[in-house]
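Subject: Handing over the two-chain model

Hi there,

Here is the structure I promised to pass on to you. Have a look at it first, and then read on for my notes on what turned up.

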Amino acid sequence: MPVLARWIEAAGIPTVVVTMMPAVAEERRAPRVVGVEFPFGHAFGMPGDRAMQRRVLELALRVLAGASAFGSRVDLDIEWPVPLREAYRSWQPKEPSPIVKKLLESRSRS
Amino acid sequence: MIVDSYRFLPRSFRPFYEGRGPFPGEGYPVWAPFAKRLAGSRIALLTSAGIYLKGSQSTFDLDGERARPEWGDPTWRVIRSSTKPDEVGVAHLHINDDDLHTDPEVALPLRGLDELVSEGVVGSAAANHLSVMGYQDRRLEDWRRTTVPAIIDHLRTEQADGLVLAPA
């Protein structure tokens, strides 16, 4: 996704990436980054929580329109309101993705 | 607060992401200044949650990914800003999609953006937003050659002044 942002930005369209992995987006040289400490699949927050979703979107727009230089990163100060163990478990797919399945199979063979 | 980028990531996945540096050939800065006021700008959204319109679009090719686990469907979908939550389908094998079905705004805040437009914070929303499925071949060749040029054309046609991208 940071690379996608770079290619679109290079065509003259300003971008901001809202991401759970802002350190990775920075390493990948995304032009503008908003970090959220949310589980995967939930970039804008909890389902049904309009106030939380709005805070994320507003921050993203503020960084998009207001950042003054390449490499700007702002992290959102919201704690995920679900205990870590439960949140960690619940974002993951019901069955391992094909690549994870393949890696697990190759590990069990070696 | 500084976000812990690995808080929700399985420990064994971390080496695939941490300290990998820039994508090959992509270490230099790219920058397009945001020239207008936000209140006079048109904003587009892009999600990589594998969202598509159930009634009118094909799903992302998950069978292809099952057959070739290193590959992910590189195509893209246009999502009308007027899309209703019950029109949204999700095709992504790397996340649990229950919450996305319950409330697609968690990945693609169409209503949230419309609200900011109606309040005058944002000038307008693109009529058509964008969706991809974020799990891709590591070299991103199909995205680079085909998908991204098409997305850029789309954004120009939409006269988008800026894009908010949200990975799943």
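Helices (H or I, at least four residues) and strands (E, at least two) are DSSP runs, numbered from the N terminus. With that in hand, α3(B) is followed by Gly120(B), which has a positive phi, near 85°.

Some housekeeping before the rest. This is a predicted model, so local features need pLDDT of at least 70 and side-chain atom pairs count only at pLDDT 80 or more, while totals for chains, interfaces and linings use all residues. Residues are numbered from 1 along each chain as its sequence is written, chains are lettered from A and ligands numbered from 1 in the order in which they are written, and side-chain values use heavy atoms, with hydrogens and water left out.

**Helix α3 of chain B**

Which residues of this helix (residues 110-118) are buried? They are Leu110(B), Leu113(B) and Leu116(B), where buried means under 20% relative accessible area, exposed over 50%, and partly exposed in between (1.4 Å probe, protein chains only). These residues cover an arc of only 130° around the axis, which puts them on the same side of α3(B); the arc is that of the directions from the helix axis to the C-beta atoms. An α-helix has 3.6 residues a turn, so residues three or four places apart point the same way. The buried residues of α3(B) pack against α3 (50-66) of chain A, and also against β1, β3 (76-80), β5 (124-125) and β6 (128-132) of chain B. For packing and contacts, the criterion is heavy atoms within 4.5 Å.

Ala125(B) sits in strand β5 of chain B. Leaving aside neighbours within four places in sequence, Ala125(B) is in contact with Arg42(B), Ile43(B), Leu113(B), Asp114(B) and Val117(B). Its C-alpha atom is separated by 30 Å from that of Ser5(B), 120 residues apart along the chain.

**Two buried serines**

Ser81(B) is in the loop between β3 and β4 (88-90) of chain B and is buried, with a relative accessible area of 18%. Beyond its neighbours within four places in sequence, Ser81(B) is in contact with residues including Leu110(B), Arg111(B) and Asp114(B).

Ser48(B) belongs to the loop between β1 (42-47) and β2 (51-53) of chain B, and it is buried too, at a relative accessible area of 4%. A polar atom of the Ser48(B) side chain lies 2.9 Å from the backbone nitrogen of Ala168(B). Setting aside neighbours within four places in sequence, the contacts of Ser48(B) include Met1(A), His92(B), Gly134(B) and Ala168(B).

**Pockets and a cavity**

These were found on a 1 Å grid over the protein atoms alone: a cavity is a set of points where a 1.4 Å probe fits but cannot get out, and a pocket is an open set with protein on both sides within 12 Å along at least five of seven lines; lining residues have an atom within 4 Å of a point. Grid points are joined across faces, edges and corners, and a volume is the space filled by probe spheres set on the points.

The largest pocket holds about 1500 Å³ of space. Its lining has 43 residues, and the closest to its centre are Phe16(B), Tyr17(B), Gly134(B), Tyr135(B) and Gln136(B). The largest share of this lining, three residues, comes from α5(A). By class, the lining has 29 nonpolar, eight polar and six charged residues (Ala, Val, Leu, Ile, Met, Phe, Trp, Tyr, Cys and Pro count as nonpolar, Asp, Glu, Lys and Arg as charged, and the others, Gly among them, as polar).

The second largest pocket has about 240 Å³ of space. Of its 13 lining residues, Pro93(A), Lys94(A), Glu95(A), His92(B) and Leu93(B) lie nearest its centre.

There is one cavity of 30 Å³ or more. Its lining includes Met20(A), Phe38(A), Phe40(A) and Tyr6(B), and divides into six nonpolar, one polar and two charged residues.

Arg29(A), in the loop between α2 and β2 (32-35) of chain A, has a positive phi near 65° and counts as partly exposed at 27% relative accessibility. Gln159(B) has a positive phi of about 55°; this residue lies in the loop between α4 (141-157) and β7 (162-166) of chain B and is exposed, at 57% relative accessibility.

Notes
A polar contact is a pair of N or O atoms within 3.5 Å; within protein, one must be able to donate a hydrogen and the other to accept it, and residues adjacent in sequence count only if both atoms are side-chain atoms.
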